[in-house]
Amino acid sequence: MKLTPFIVGALTLALASSASAETLTIATVNNGDMIRMQALSPAFTTETGIDLNWVVLEENTLRQNVTTDIATNGGQYDVMTIGTYEAPIWAKQGWLVPLDALSADATYDVDDILPAIRGGLSVDGKLYAAPFYGESSMVMYRKDLMEKAGLTMPDAPTWEFIGQAARAMTDRANDINGICLRGKAGWGENMAFLTAMSNSFGASWFDENWKPQFDSPEWKSTLDTYLSLMTDAGPAGASSNGFNENLTLFQQGKCGMWIDATVAASFVTGKDSTVADQVGFALAPDNGLGKRGNWLWAWSLAVPTSSQHAEAAEKFINWATNKAYLATVAEKEGWAAVPPGTRTSLYENADYQAAAPFAKMTLDSINSADPTKPSVKPVPYVGIQFVAIPEFAGIGTNVGQLFSAALAGQMSADDALAQAQDATTRDMTRAGYIK
């Protein structure tokens, strides 16, 4: 074929266009809301011409991969899905790009982000990660099984009531577990739940001198209660169950109660749930000490300073976390499916309130969580289900492995607590917190 000047010009233009097209690599977690975001993302590419390469990972794997990449300045990802733990720590270390363009965009309306969520993702007033969804934790339960057990769930239950109800609803012959709780090891898996639970029992990770507190009676009471509850009323193999595994069990009608992230509400009442019409909601339990076992978290999108496409990455974050995205999800999936817990305007929306019976409980749970005073006793740290220090990810995962082993019957509660105390003391001494 003869290459005419017209064909040569067209090929040159095509090659130039191909060379100039940007591709963003996005690391995210395999939760339902993020999978939906990926499915809707071709609209962003059509609108901007920016291509997207998705890396969708299990929660623990995602945390490990993005932490390694950002700490080594690897540059593997342009957009990272991180949480309320990482955002301020990484921002202070200079690892994240401040989202100044997003904050300056009046249509994005950064002031609409819930104060509790925005504050956890900011340093010195600058936003370093934009929340895709925000959450606390609460009790999700089967109203039919509660009624069958002759009990009524209070709006604000105690751990004593939860134990009574879980045991009463357990029906091993019909594969119904009275309660499903996280058992999979990880600082953001079983330790998110157990740390929040321990706060309500009066426990803490550290005293005011950073001495670990796993040898305290409050931690013993927490772990004993958890293990007893799971032995009597939990599912088999619970030490391998995290958020997604328990979500599946609940959707299949195999859990009487599930205490976990408020974001799960739309999934346990959605089209994939076999018990959608029987689900009720209550606040996370307390133990009579003035603290509930609810946490505060936001899965958020951030740009590492190692990205070569920071401007394009911030454009994607704007698209994925703005009001228009919520409206798009509502149009395609219904208002109940909209990512929750990020914007004041969502909770003022009458359509959302009508479609989401869990809306008020979610907002109340988020607003009642106080990261600055996580425990009954004074502590030197902030963070409810985590301790906001860089060393916590490793320390929390180590302790999570011990407690998961205790749930699996591989060691006693006392041995797990003793080993947690010793290991954490060594780690904190090595890190210079204990002199």
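**View 1. A three-stranded open sheet has the order 8-7-9.** The pairing in this sheet is antiparallel. Strand 8 (257-261) and strand 9 (279-283) stand at the edges. Each has a single partner strand, so one side of each is left without a neighbour in the sheet. Neighbouring strands are turned by 30° against each other on average, direction ignored. The model shown here, as in every view, is predicted.

**View 2. Strand 7 and strand 8 are joined by five bridges.** Strand 7 covers residues 137-142. The two strands run antiparallel. M138 has D260, in strand 8, as its bridge partner.

**View 3. Helix 12 lies across strand 7, strand 8 and strand 9.** The helix spans residues 243-251 and runs at about 145° to strand 8. Its buried residues are F243, N246, L247, L249, F250 and Q251. These buried residues pack against strand 7, strand 8 and strand 9, and also against helix 13 (265-268). After helix 12 comes G253, with a positive phi near 80°.

**View 4. A second open sheet is built from five strands in the order 2-1-3-10-6.** Here the pairing is mixed. Strand 2 (51-57) and strand 6 (130-135) are the edge strands, and each pairs on one side only. On average, neighbouring strands of this sheet are turned by 15° against each other, direction ignored.

**View 5. Strand 3 meets strand 10 through three bridges.** Strand 3 holds residues 79-82 and strand 10 holds residues 297-302. Their directions are antiparallel. I82 stands opposite S300 in strand 10.

**View 6. W159 and F193 form an edge-to-face aromatic pair.** A search of the whole structure finds 32 aromatic pairs. In the pair of W159 and F193, the ring centres lie 6.2 Å apart, with 80° between the planes. W159 lies in helix 9 (residues 159-169) and F193 in helix 10 (residues 190-200), so the pair ties together parts that are 34 residues apart in sequence. W159 has 5% relative accessibility and counts as buried. F193, at 3%, also counts as buried.

**View 7. W187 and F392 form a pair linking distant parts of the chain.** Their ring centres are 6.2 Å apart and their planes stand at 75°, so the pair is edge-to-face. W187 sits in the loop between helix 9 and helix 10. F392 belongs to helix 19 (residues 392-407).

Terms used: Residues are numbered from 1 along each chain as its sequence is written. This is a predicted model: local features need pLDDT of at least 70, side-chain atom pairs count only at pLDDT 80 or more; totals for chains, interfaces and linings use all residues. Side-chain values use heavy atoms; hydrogens and water are left out. Two strands pair if DSSP finds at least two bridges between them. Helices (H or I, at least four residues) and strands (E, at least two) are DSSP runs, numbered from the N terminus. Axes are lines fitted to C-alpha atoms, for helices over the stretch in contact, and angles run from 0 to 180 degrees between N-to-C directions. Contact means heavy atoms within 4.5 Å. Rings of Phe, Tyr and Trp (its six-membered ring) pair if their centres lie within 6.5 Å; planes under 30 degrees apart count as stacked, over 60 as edge-to-face and the rest as tilted. Buried means under 20% relative accessible area, exposed over 50%, partly exposed in between (1.4 Å probe, protein chains only).
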